[in-house]
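Please look at the structure below with its sequence beside it. The text after it goes through charged side chains, then salt bridges, then an aromatic pair.

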Amino acid sequence: MSAVPPGTRQGRVTKELIEGLVPDRDTAFAYVCGPAIASWDRKKAIEAGTTPTPRFLESTLANLQAAGFPPARIKREAYG
């Protein structure tokens, strides 16, 4: 396994990362594309009486909104 170069970020997109990288969230656009909860996962969770586990898209959208991105400035594309 190779070492991670200094300054390389790893892990999920957090609220703190967004706040540090995007100072003016009222004029910026966020483009998010990645795996989301699939329809069959939602159906299975409803049948089990539980909530489906958020995937990349749901957790990133929540963090963007928590960081102050207006919903109209968030563009998304889901797969999964």
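Arg25 is found in the loop between helix 1 and strand 1 (30-35); helices (H or I, at least four residues) and strands (E, at least two) are DSSP runs, numbered from the N terminus. The model is a predicted one, in which local features need pLDDT of at least 70 and side-chain atom pairs count only at pLDDT 80 or more, while totals for chains, interfaces and linings use all residues. Residues are numbered from 1 along each chain as its sequence is written, and side-chain values use heavy atoms, with hydrogens and water left out.

Arg25 is buried but has no salt bridge, and the nearest side chain of opposite charge, Glu19, is 4.9 Å away. Here buried means under 20% relative accessible area, exposed over 50%, and partly exposed in between (1.4 Å probe, protein chains only). A salt bridge is a side-chain nitrogen of Lys or Arg within 4 Å of a carboxyl oxygen of Asp or Glu. For charge, Lys and Arg count as positive and Asp and Glu as negative, and His and the chain ends are not counted.

What lies close to the polar atoms of the Arg25 side chain? The backbone oxygen of Val22 is 2.4 Å from one polar atom of this side chain, and the backbone oxygen of Ala67 is 2.6 Å from a polar atom of the Arg25 side chain. Leaving aside residues up to four places away in sequence, Arg25 touches Ile18, Glu19, Ala67, Gly68, Phe69, Pro70 and Arg73, where contact means heavy atoms within 4.5 Å.

How many salt bridges does a search of the whole structure find? The search finds 3. In one of them, Glu19 pairs with Lys15, and the closest N and O atoms are 3.2 Å apart. Both residues belong to helix 1 (residues 15-21) and are 4 residues apart, about one turn of the helix. Glu19 counts as partly exposed because its relative accessibility is 31%, and Lys15 is partly exposed at 28%.

Another salt bridge joins the side chains of Arg55 and Asp41, at 2.9 Å from N to O. Arg55 lies in the loop between helix 2 and helix 3 (56-66) and Asp41 in helix 2, so this pair ties together parts that are 14 residues apart in sequence. Arg55 is partly exposed at 32% relative accessibility, and Asp41 is partly exposed with a relative accessible area of 22%.

Arg42 and Glu58 also meet through their side chains in a salt bridge, at 3.8 Å from N to O. Since Arg42 lies in helix 2 and Glu58 in helix 3, the pair ties together parts that are 16 residues apart in sequence. Arg42 is partly exposed, with a relative accessible area of 40%.

Helix 2 (residues 39-48) is itself hardly covered, as the count of buried residues among its 10 residues is 1. Just after helix 2 comes Gly49, which takes a positive phi of about 75 degrees.

The whole structure holds 1 aromatic pair by the search. The ring centres of Phe29 and Tyr31 are 6.3 Å apart and the planes stand at 35 degrees, so the pair is tilted. Rings of Phe, Tyr and Trp (its six-membered ring) pair if their centres lie within 6.5 Å; planes under 30 degrees apart count as stacked, over 60 as edge-to-face and the rest as tilted. Phe29 counts as partly exposed at 40% relative accessibility, whereas Tyr31 counts as exposed at 65%.

Arg73 lies over the face of Phe29, at 4.1 Å from the ring centre. A charge sits over a ring if NZ of Lys or CZ of Arg is within 6 Å of the ring centre and within 35 degrees of the ring normal. Arg73 is also among the residues that Arg25 touches.

Definitions and conventions:
A polar contact is a pair of N or O atoms within 3.5 Å; within protein, one must be able to donate a hydrogen and the other to accept it, and residues adjacent in sequence count only if both atoms are side-chain atoms.
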